[in-house]
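User: I am new to reading structures, and I would like to learn how to describe what I see. Could you take me through it step by step?

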Amino acid sequence: MTDDLLRMESIVKTFPGVIANDHVDLTVRRGEIHGLLGENGAGKSTLMKVLYGLYTPDEGTIRLDGTPLRLDKPQDAMDAGIGMVHQHFKLIPRLTVTENVVLGSREPAASFRKENVGDGLLAGLRTSAPVQAVASRFSLGLDRPKRRIRTLADQYGFNIDVSAPVRELDVGQRQRVEILKALYRDVDLLILDEPTAVLTPVEAERLFETLERLVDDGLSVILITHKLKEVESVTDRVTVLREGADIGTVDTADVGRAELARMMVGRDVLFEIEKPNTTVGDPVLEASSISAADDRGIEKLSGVNLEVSAGEVVGVAGVSGNGQTQLAETVAGVRDPTAGTIEIRGREMSEASPDEFIEQGVSFVPEDRHENGCAGGLSVMHNAAMKDFRDDQFGDSVLFDYGSVGEYASRLVDDFDVRGVSDVTDNCADDLSGGNLQKLILARELARDPDLLVANQPTRGIDVGAIEFVRERLLERRDQGTGVLLFSENLDELFDLSDRLLVMYEGEIVLRTTPEETNKKRLSVEMNGGGSKRVSVPDDPPEAATRRAADGGRSDR
Amino acid sequence: MTDTSFLLGLADAMVSASTVLVLAGLGELISERAGVLNLGVEGMILVGALSGVIATVVTGSYWIGFAVGSVCGLLMSAVHAFLCISLKADQAISGIMLTLLGTGITTYFGQQWASAQFAGFPDRTLPVIGGLLVEIPIVGPTVFEGPATDFVALGLVVVVWWLLTRTNLGLEIISVGEDPETADTMGIDVFKMRYLAVLIGGLLAGAAGAHLSLAFTGIWTNNIAAGQGWIAVALVIFARWRPGRLLVGAYLFGLFNSLRLRSQGLDLTLAPESPLAALLNPVVEFLLNPAIMSMYPYIVTLVVLVATVVWSRDDDSAQPAALVQAYSREAD
């Protein structure tokens, strides 16, 4: 009993039309890393926002150290010793690290602090309540916090300049600032909401080392995640949520990955995907020596040749920023090439508008699903019909038949298992969690029976259940004769799904191979520019080589 | 020498004319740093100016008039705060509405006060050290001799700078203007901070108005603000939301404003026997025409805004990130 730090009992939180938490229990022991596992939209973040005072629960009790807590605002949670590192960092880029950490704590200037005042007549005045109230508002002492933050940073090996503005820090450093914010407030319990979503594998490894040290120092940690690997490698116990319900809490050591996946998704999850052989048809995409620039006008794609045929999946590997985004956008018709030609099903499309690409049977799943994949403020219905609204089934050329559009959208939502939608006209795209939004986008793109599907990072940041679903659908389309161009940073995914593999490096295709002919190690080497690229790309046009030589020293990204 | 006295007079007029802009601009700056755009400054200046005159005539004290004018500006900004912060109405529409309202109210109630006589703020020097400071050549008589409100405005530049950069309150005001959601998670009452900033802004806009009628013109005339509230809004952008630069900007605008008033005695036309006279004199006369000259501050505003946008393209971060964004907690 005494080693239970936190007990959340029977928490219920409903939003209009959705039960986000349905009688959820969560007990966290002192000094453990406790995983909170669930798919996107399972209610993990809601539960933690309840614990952090951002949401008020409809029912249930929260006890910390046996004392019941009433959390109306984040300040209450902070006062109780609960800190949270949000998935989207709560930092103000303009302010310095120190300012971000002390924000809200109202540290008065040094001359008003009790230990500096000494004795005497004025001392009593300076420590009196009204003077302190004024000093805490109209002065600001950063020297002492700065020393303390520096000490904390050194203690955990964070290499951070505490006087630097946060906008100058990289993502990993920003996350460490978030942790410092919590440590500065002497928290007993630290909540991390999907902390590795924004980190590289190396940074994630560092984060976990930090967490181990925090726990050694007596802290308790709640780790929200949908990555089974993280749960297995760092947590002591794990609580699983599914569709708002509490599935149970288990010792991580006692269960395997498959068991956890079953708890999380509610059925067995296939980690291996079966890929039947199909016959490859005519080319649907033929791009020859296309070049393209990014939004700032810097060339990112240099004379790439590419062919995708009906019924095959062509996977493109590469370290982020090597021109994959530009290649995807160019062949999907949303970015104009600066040179070269693009043919879709034999028709020259280099100058064509995005609209003509859509008409020609090209579907596109963009990398940033919030920014480019949907109109967040519009309803699920509008988003579902966004590319097909001119179709005859949705009314004549003047008037829209919202009845049939609604039915169409509802059908897509059902077919693609998009969760969190109670009404396709009431819910807007921004209401959906990442995985469900991705399913909706995929539904929109696949329902059009495309001849070419360009999918950029279709499974990034979504949970295992949704990943499996998306992959199955991609292969299903391939079997039905769609040519799929798949961009992914996940090599397992590329090896599982692709019929052919391409590797991009600095705007060029440096390797063309098949999953059978190569291995991940070889691919990693090529992705980092370590391959003998001139030899392995015999079909690269010679002008690309000269262009590379011409701006060889370029260091842009 | 007449040239020196002209320049001295011009500098003096520039400093006097800038005070309205300094006061109103500082108010707007604080409000915008907290994320609330206030386009009602013009209306608040007008209301502050008229109520200041009325209170001065009734009580006989220009200090009471100044206080009443400031409070009336604050009351108007309370409407803006309630609409934009509590009701989350569109900030631009609410502000423009308040300017139109202020213009209407002061036009209607101002008629009978247009000829009112009263004793406004006299020119004076600072106590104790004022006698010494005023001896400084050029700067002395222009900056250190004037109505008390000039000194109040100069002092407020320092106070506002101190508030925003050296106090917890300032840090919190900036944080709600940058990212209200983050401020909220750090335990800062976003609504309270924004109300505070908007009310301070209104108070200063009202003070600008009261200074205008009680110290600068010494009389109430219809539409006395003549667009200076709008210039104050532009000035904040020009100043990149920094109080020190705001003072420089206010002097620049004050210069063009006083040029108009002072240049009428100035004859820059060339002598008739000069070969260029026929060509240039019509141009000079056109440029010195009082009606044309009264447009200079506004033309400068446009030019400066364009220049600010062109030059500071990489400095977009100067603008508060959450400007014009309403905040509600469960919206995420």
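Analyst: Helices (H or I, at least four residues) and strands (E, at least two) are DSSP runs, numbered from the N terminus. Residue numbers start from 1 along each chain as its sequence is written, while chains are lettered from A and ligands numbered from 1 in the order in which they are written. Please keep in mind that this is a predicted model, in which local features need pLDDT of at least 70 and side-chain atom pairs count only at pLDDT 80 or more, whereas totals for chains, interfaces and linings use all residues.

User: Is B:Val190 buried or exposed?

Analyst: A residue is called buried if 20 or more other C-beta atoms lie within 10 Å of its own, exposed if 12 or fewer, and partly exposed in between, with C-beta atoms placed from the backbone. B:Val190 is buried because 24 other C-beta atoms lie within 10 Å.

User: Which residues is B:Val190 in contact with, leaving aside neighbours within four places in sequence?

Analyst: Two residues are in contact if their C-beta atoms, placed from the backbone, lie within 7 Å. With the neighbours within four places in sequence left aside, B:Val190 is in contact with B:Val176, B:Pro180, B:Ala183, B:Asp184 and B:Tyr327.

User: Let me try B:Ile45 in the same way; which helix does B:Ile45 lie in?

Analyst: B:Ile45 lies in helix α2 (residues 41-59) of chain B, and B:Ile45 is buried because 38 other C-beta atoms lie within 10 Å. Beyond the neighbours within four places in sequence, the contacts of B:Ile45 include B:Ala24, B:Ala205 and B:Leu212.

User: How should I describe two helices that touch?

Analyst: Two packed helices are described by the angle between their axes and the distance between the axes. Axes are lines fitted to C-alpha atoms, for helices over the stretch in contact, and angles run from 0 to 180 degrees between N-to-C directions. In chain B, the axes of helix α7 (residues 148-166) and helix α8 (residues 168-178) come within 5 Å and cross at roughly 75°. Therefore α7(B) is roughly perpendicular to α8(B), given that angles under 35 degrees count as roughly parallel, over 145 as roughly antiparallel, 65 to 115 as roughly perpendicular and the rest as oblique. On the α7(B) side the contact is made by B:Leu163, B:Leu164, B:Thr165 and B:Arg166, and on the α8(B) side by B:Leu169, B:Gly170, B:Ile173 and B:Ile174.

User: What classes do the residues of this contact of α7(B) with α8(B) divide into?

Analyst: Ala, Val, Leu, Ile, Met, Phe, Trp, Tyr, Cys and Pro count as nonpolar, Asp, Glu, Lys and Arg as charged, and the others, Gly among them, as polar. Here the division is five nonpolar, two polar and one charged.

User: How many residues of chain A are in contact with chain B?

Analyst: There are 17 residues of chain A in contact with 17 residues of chain B. On the chain A side, α2 (74-80) and α6 (129-138) each supply at least two residues, and by class that side has eight nonpolar, four polar and five charged residues.

User: What is the strand order in the open sheet of four strands in chain A?

Analyst: Two strands pair if DSSP finds at least two bridges between them. The order is β12-β11-β14-β15, with antiparallel pairing. Because β12 (299-309) and β15 (347-348) of chain A stand at the edges with a single partner strand each, one side of each is left without a neighbour in the sheet. Strand β11 (residues 283-293) and strand β14 (residues 339-344) of chain A pair in the antiparallel sense over five bridges, and A:Ser291 stands opposite A:Ala339 in β14(A).
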